[in-house]
Amino acid sequence: AWTVIQLLKSLGVSDDWALRVGSLLGVVQVSARALDFFGGARWNGLVTAIIAGIVTPVGFLALLVGGSVGWAIGAFMLLYGAGSGAMAVARATMPLVFYDAAEFARVSSYIALPTNLAAAAAPPVLVAVLINFGGNAVLMLALASSLAGLAILLVLANLHRKEGAGG
């Protein structure tokens, strides 16, 4: 949430408003996880990831287009928060789409390392971009990264669909 607060401040949002809005990020993320939990029997982790992969860049785009205008900040927080919360669930459950329960633990451990490295590297990279190039550069980098992630998810979905259709 600290990076989001600093990002909002760099876009001209007042300190107190950035703190208030930024503090809601965790609430929105958990709400998205709860929605996935209650609807999870209807779809799998890959579907959750694709939905999160669509919603998240729309949130970045809203903030890029709207800047510090209230609707843009609200849309960003709802879409980014929901997308990142849903993606957390998807990361944990998506291996079950591709592997049986016996292989789940082994595969999950392979996925965890690059995911954790990316999560650890993101804040200092984003802060460096924020300090050196500003908030819009952070948003463009985040938008590009999230679109690349969505593209990878769509490739995975296509492979899964072909595999399910017999090859």
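**Largest pocket.** I looked up which element gives the most to the lining of the largest pocket, and found helix 8, with 11 residues. I am working from a predicted model. I noted the volume of this pocket as about 1600 Å³. Its lining has 42 residues, and I listed those closest to the centre: Met87, Arg91, Ala118, Ala119 and Ala122. I then checked which elements give two or more residues to this lining: helix 1 (2-10), helix 3 (25-39), helix 4 (45-66), helix 5 (70-93), helix 6 (95-98), helix 7 (101-133) and helix 8 (135-164). I sorted the lining by class and got 31 nonpolar, 10 polar and 1 charged residues.

**Second largest pocket.** I noted a volume of about 200 Å³ for the second largest pocket. I recorded its lining as Ser31, Ala32, Leu35, Asp36, Trp43, Thr48, Ile51, Ala52, Val55, Ala82, Gly83 and Ala86. Helix 3, helix 4 and helix 5 each give two or more residues to this lining. By class I have 8 nonpolar, 3 polar and 1 charged.

**Helix 4.** I turned next to helix 4, which is among the elements giving two or more residues to the second largest pocket. I found 22 residues in helix 4 and a reach of 31 Å from first C-alpha to last, close to the 32 Å expected at 1.5 Å a residue. At its start, I found a side-chain oxygen of asparagine 44 within 2.9 Å of the backbone nitrogen of leucine 46. Just after helix 4, I looked at glycine 67 and noted a positive phi of about 65°.

Notes. Residues numbered from 1 in each chain as written. Predicted model: local features only at pLDDT ≥ 70, side-chain atom pairs only at ≥ 80, totals over all residues. Heavy atoms only, no water. 1 Å grid on protein atoms, 1.4 Å probe; cavity = no way out; pocket = protein on both sides within 12 Å on 5 of 7 lines; lining within 4 Å. Points joined across faces, edges and corners; volume = space filled by probe spheres on them. Helix = DSSP H or I, 4+ residues; strand = E, 2+ residues; numbered from the N terminus. Nonpolar A, V, L, I, M, F, W, Y, C, P; charged D, E, K, R; others polar. Expected span 1.5 Å × (residues − 1). Polar contact = N/O pair within 3.5 Å; in protein donor to acceptor, adjacent residues only side chain to side chain.
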